[in-house]
Amino acid sequence: MASITFREVEGSSPKYWILLGFLGLFVLFGALAWNYMHHHGHVVTGMDNQIVWGLPHVFAVFLIVAASGALNVASIASVFNKPMYKPLAPLSAILSLALLLGGLLVLVLDLGRSDRLIVAMTNFNFKSMFTWNVFLYSGFFVLVGIYLWTMLDRSVKSYSKAAGTAAFIWRLTLTTGTGSLFGFLVARELYGTAMLAPMFIIMSFAYGLAIYLMVLAAAYAWTGRALGDAVMMRLKTLLAVFVAAVLYFVVVQHMTSLYFTKFHAVEAFILRDGGSLTTLFWVGQIVIGCVVPLVILLSSLGKQRTWLMIACGLVILGGIIQMYVTIIGAQAYPLDMFPGLTEKSSFFDGEIHTYVPSMPEFFLGLGGVAVALLATTFAVKVLRLLPASLDDASVAKLEH
Amino acid sequence: MSDMKPRSDSTPASPERRRFVGAATATAAGLAIAPGVMLYEVAHGRAEEQAASSAVRWGMLVDATKCASGCNDCVSACSTENGWTPVAESKHPKQAPQWIRKLELQDPLTQMETNLPMLCQHCAEPPCVDVCPTGASFKRADGIVLVNRHTCIGCRYCMMACPYKARSLVHEPLNDTQKPDVPRGIGCVEACTFCVQKVDRGDGNTACAEACTAAGHNALLFGDMNDPESEISRRLRELPTKQVRADLNLNLGVRYHGI
């Protein structure tokens, strides 16, 4: 098998420092937003006792789901033994670590008592899916860290497959855990289903790969390295399969709920009567997030790099909107404590709950994205993560 | 692991506690001829170092047929007793905590109206306790579901899990009207405690039930559901009652008549 040379990004150009500074600025905004929310309490956010998880959770859960998906490419290389993907694996691993870091930061900084993080790390209730997730996240950092080490250090290279397999199994478990955060909730109609775990896994495949493709293309374009179509076209097809699978799961979930009379009202709310949430579902999640990307990826448009990037961008945007509909939508619909009766109270029982995200929430979420990208940008400068060239000729040699 | 259980359960046995356990055993043996007396003793106040006992299960009977439309006395009494600002006085009504609220129900077909207070149902199998990552949400041996103010990290997972929307997050800094025996705090989740401070003092009643009785409605009855001789047990034997969202099979500490 031909070898591929990995090289750090030089990272001394003004362009690199501008990128770093730009991302740093958003990290700073995120930090200021947290400080503001922490100082005044959640009263300065759009969240209340009806919508208890808001925009920060949308970003956090999206990033955590995408983190596990970003490891796809590495998994294909080592677990499924596809040599063509091997040069792409180190970036895949570092990106997954960076996205998880960003997501977790948003999650913990949105706690009512973010200063009590140490309590969460030392007091455990093992019946809680959150507690499970604390261990799943920590384990992911350790396993993917080891996996990355086996890829970068020749002396431990022989353990790469074992480490890659362990990381692969772990990431499937991790996303099962993320989906089950919602799947294990009995109170709300749109949660409480085992469907959410596999659905989150397939969503992670799509979102993670879309982010990976954009980061890969950006890294190669901005450093002037060659990135051939052979690699991109394979990943493009894979992305189309993942996006189609996401659409399949969403359709099956809603079809099942629509069959049960007790879910008719909540389904009508999401699919027809929910105002902005309904618009976000149909236009954002379905059209922007699934249909348009599928058309691009499966038609000849997808062969053009620009269109491929547009499709990736839409998958990411649609993914964030999907998280919004999943997390906010389920809370906006009132709890049905007395089926068949109308409810009214000073606590907004029986009413559709409205939610307008505040600026600090938005910037806290963006801060998490910026942390993930900043960590990746820094990592490609200090570690040999990117092949010096991924032109079609070098990639073709790997397959023989 | 040790913090998984409420502190009252996990505190190592002190000499005083051992002495108490010894004394309690002797007392129990002595009182074996008078069933019910032991429960009566436990239900009426207990020493600080004495753990809550599972011999008691605190509960409430809500008679919705007696709950008056427009009356808010139970809510006001709770707010006064526990020091939370009434929602009408709050600058941020959607974010203001409400430990108890009056619910107006109506059947759209028959137009039949029902009034009832909604509060923490003190489930025997509380979903909030299941999902709490730090174990801050816990159920006391006597059935009261509480939040440990020191280990709640404000993740709000319990609020997502509660089928009764019984919990509130403290969204803003609290003014200094807090009650010394009702600790609260910004960023933490809170809910009805069945006036645990009153129960532990030996009052044997909650502020809401006292207010309802004082108003002459007698729609709320608080007591020990484990004691067959208690008023609440007697009434529960006679009246048909329901649990809200009985399909979840959570074995609630609050039972409703007339819904």
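**The open sheet of chain B**

In chain B, 3 strands make up an open sheet, ordered E8-E1-E9, with mixed pairing. Strands E8 (220-224) and E9 (254-257) of chain B are the edge strands, each with a single partner strand, so one side of each has no neighbour in the sheet. From one strand to the next, the twist averages 20 degrees. This is a predicted model, where local features need pLDDT of at least 70, side-chain atom pairs count only at pLDDT 80 or more, and totals for chains, interfaces and linings use all residues. Residues are numbered from 1 along each chain as its sequence is written, while chains are lettered from A and ligands numbered from 1 in the order written.

On terms: helices (H or I, at least four residues) and strands (E, at least two) are DSSP runs numbered from the N terminus, and two strands pair if DSSP finds at least two bridges between them. Angles run from 0 to 180 degrees between N-to-C directions, with axes fitted to C-alpha atoms, for helices over the stretch in contact. Contact means C-beta atoms, placed from the backbone, within 7 Å.

Strand E1 (residues 58-63) of chain B runs parallel to E9(B), joined by 4 bridges; B:Asp63 has B:His257 as its bridge partner in E9(B). Helix H8 (residues 207-214) of chain B lies across E1 and E8 of chain B, at about 135 degrees to E8(B).

Now for the partner chain: strand E2 (residues 342-345) of chain A pairs with E2(B) in the antiparallel sense over 4 bridges, and A:Glu343 sits opposite B:Leu105 in E2(B).

Note on methods
Contact = placed C-beta atoms within 7 Å.
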